[in-house]
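Please look through the sequence and the model below, and keep both in view while reading. The paragraphs that follow go from strands to a single residue and then to rings.

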Amino acid sequence: QVQLIESGGGLVQAGGSLRLSCAASEGTFRTYAMGWFRQAPGKEREFVAGITWSGSSTYYADSVKGRFTLSRDNTKNTMYLQMNTLKPEDTAVYYCAANRYGNSATMRKTDKYDYWGQGTQVTVSS
């Protein structure tokens, strides 16, 4: 069982920055692709960003490309999402997820992820 715990959410003004962290339980972290999803009120959960187990490839939703940066530190079993130039439309609950066989075909698909964190709230005021 892989356990994921998100942190770093909060309230910021438009144009500000936040860094989300996802700490994973010890074990197979280095072999899992990882991703971030978000869900705003009244909307479906959507893909935000993903990263392969080695960190060699990253994937971003068009809406966050150029503003968000995803990275991972396998020595610390932790993934980070640096969010810059935040906009009110970024407001959502952000979820960390682990994908055992993530690739370009499955990275963006919610139902392909095996484990999920509890979520952390990000609120961006105008």
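Four strands form an open sheet in the order β1-β3-β8-β7, with antiparallel pairing, where strands are DSSP runs of E with at least two residues, numbered from the N terminus, and two strands pair if DSSP finds at least two bridges between them. At the edges stand β1 (4–7) and β7 (68–73), each with a single partner strand, so one side of each is left without a neighbour in the sheet. On average, neighbouring strands of this sheet are turned by 15° against each other, direction ignored, the axes being lines fitted to C-alpha atoms and angles in general running from 0 to 180 degrees between N-to-C directions. Between β7 and β8 the antiparallel pairing extends over six bridges, and Phe-68 has Met-83 in β8 as its bridge partner.

The model is a predicted one, in which local features need pLDDT of at least 70 and side-chain atom pairs count only at pLDDT 80 or more, while totals for chains, interfaces and linings use all residues. Residues are numbered from 1 along each chain as its sequence is written, and side-chain values use heavy atoms, with hydrogens and water left out.

The loop between β8 (78–83) and β9 (92–99) holds Asp-90. Is Asp-90 buried or exposed? Asp-90 counts as buried because its relative accessibility is 0%, and the cut-offs are under 20% relative accessible area for buried, over 50% for exposed and in between for partly exposed (1.4 Å probe, protein chains only). The side chain of Asp-90 makes a polar contact of 3.0 Å with the side chain of Arg-38 and one of 2.8 Å with that of Arg-67; such a contact is a pair of N or O atoms within 3.5 Å, and within protein one must be able to donate a hydrogen and the other to accept it, while residues adjacent in sequence count only if both atoms are side-chain atoms.

Turning to the aromatic rings, the structure holds five aromatic pairs. In one of them, the ring centres of Tyr-113 and Trp-116 are 6.0 Å apart and the planes stand at 55°, so the pair is tilted; rings of Phe, Tyr and Trp (its six-membered ring) pair if their centres lie within 6.5 Å, with planes under 30 degrees apart counted as stacked, over 60 as edge-to-face and the rest as tilted. Tyr-113 is buried, with a relative accessible area of 6%, whereas Trp-116 is partly exposed at 28%. Ring pairs link Phe-37, Phe-47, Tyr-113 and Trp-116 into a cluster.
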